[in-house]
Amino acid sequence: MFCSVAMSTYNGERFLAEQLSSICAQPRPVDEIVVSDDGSSDGTLRILDDFRLAHSQICWKILPSAENHGFRESFLRALKACGGDLIFLCDQDDRWAPGKVETMLRHFLSLIHISEPTRRRGIS
């Protein structure tokens, strides 16, 4: 299953490296990281580019914006650009626990297997 991360950033230089490190260190790596930057004026875009170069096994989509449109529009832009079957929303100042992707993927897949026969029988 193709897993994407959708993130919105805005002047997140102080927190971003720690968050990206926690995502890139996952035992089950994500396949794609999509970041919509909402007009940052600090080093956010530089940090994103450094991580993109250092972790080239991950597909990166960095979407800069010259203007600030607010977090809702920024997240929506990131979500629209994701190609994953499963999309993880993430803030720039989060820190993911080791194994988060693996745990969530396993849980998600168990729900799909339970739900499919129920849907076919017309039970909601």
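F88 is buried, with a relative accessibility of 8% (buried is under 20% relative accessible area, exposed over 50%, and partly exposed in between, with a 1.4 Å probe and protein chains only). W96 is likewise buried, at a relative accessible area of 5%. The model is a predicted one, in which local features need pLDDT of at least 70 and side-chain atom pairs count only at pLDDT 80 or more, while totals for chains, interfaces and linings use all residues. Residues are numbered from 1 along each chain as its sequence is written, and side-chain values use heavy atoms, with hydrogens and water left out.

The count of aromatic pairs comes to 1. This pair is formed by F88 and W96 and is tilted, with 5.5 Å from centre to centre and 50° between the planes. For this assignment, rings of Phe, Tyr and Trp (its six-membered ring) pair if their centres lie within 6.5 Å; planes under 30 degrees apart count as stacked, over 60 as edge-to-face and the rest as tilted.

The strands, 4 in number, form an open sheet with parallel pairing in the order β3-β2-β1-β4. Strands (E, at least two residues) and helices (H or I, at least four residues) are DSSP runs numbered from the N terminus, and two strands pair if DSSP finds at least two bridges between them. The edge positions are taken by β3 (59-63) and β4; each has a single partner strand, so one side of each is left without a neighbour in the sheet. On average, neighbouring strands are turned by 15° against each other, direction ignored (axes are lines fitted to C-alpha atoms, and angles run from 0 to 180 degrees between N-to-C directions). Strand β2 (residues 32-37) runs parallel to β3 and is joined to it by 5 bridges. I33 stands opposite W60 in β3.

Strand β4 (residues 86-91) includes L89, which is exposed at 51% relative accessibility. Together with L79 and I87, L89 makes a nonpolar surface patch of about 240 Å².

Two loop residues were also examined. N11 lies in the loop between β1 (3-9) and α1 (13-24). Its phi is near 45°, a positive value in a residue other than glycine, and N11 is partly exposed, with a relative accessible area of 27%. P98 is located in the loop between β4 and α4 (100-120) and is exposed at 76% relative accessibility. P98 and Q26 are 72 residues apart in sequence, but their C-alpha atoms are 5.7 Å apart in space.

Conventions. Patches are made of residues with over 30% relative accessible area and no salt bridge: like charges are joined within 9 Å, nonpolar side chains (Val, Leu, Ile, Met, Phe, Trp, Tyr) within 5 Å. Accessible areas come from the Shrake-Rupley method with a 1.4 Å probe; for residues, only the protein chains shown count as cover. A salt bridge is a side-chain nitrogen of Lys or Arg within 4 Å of a carboxyl oxygen of Asp or Glu.
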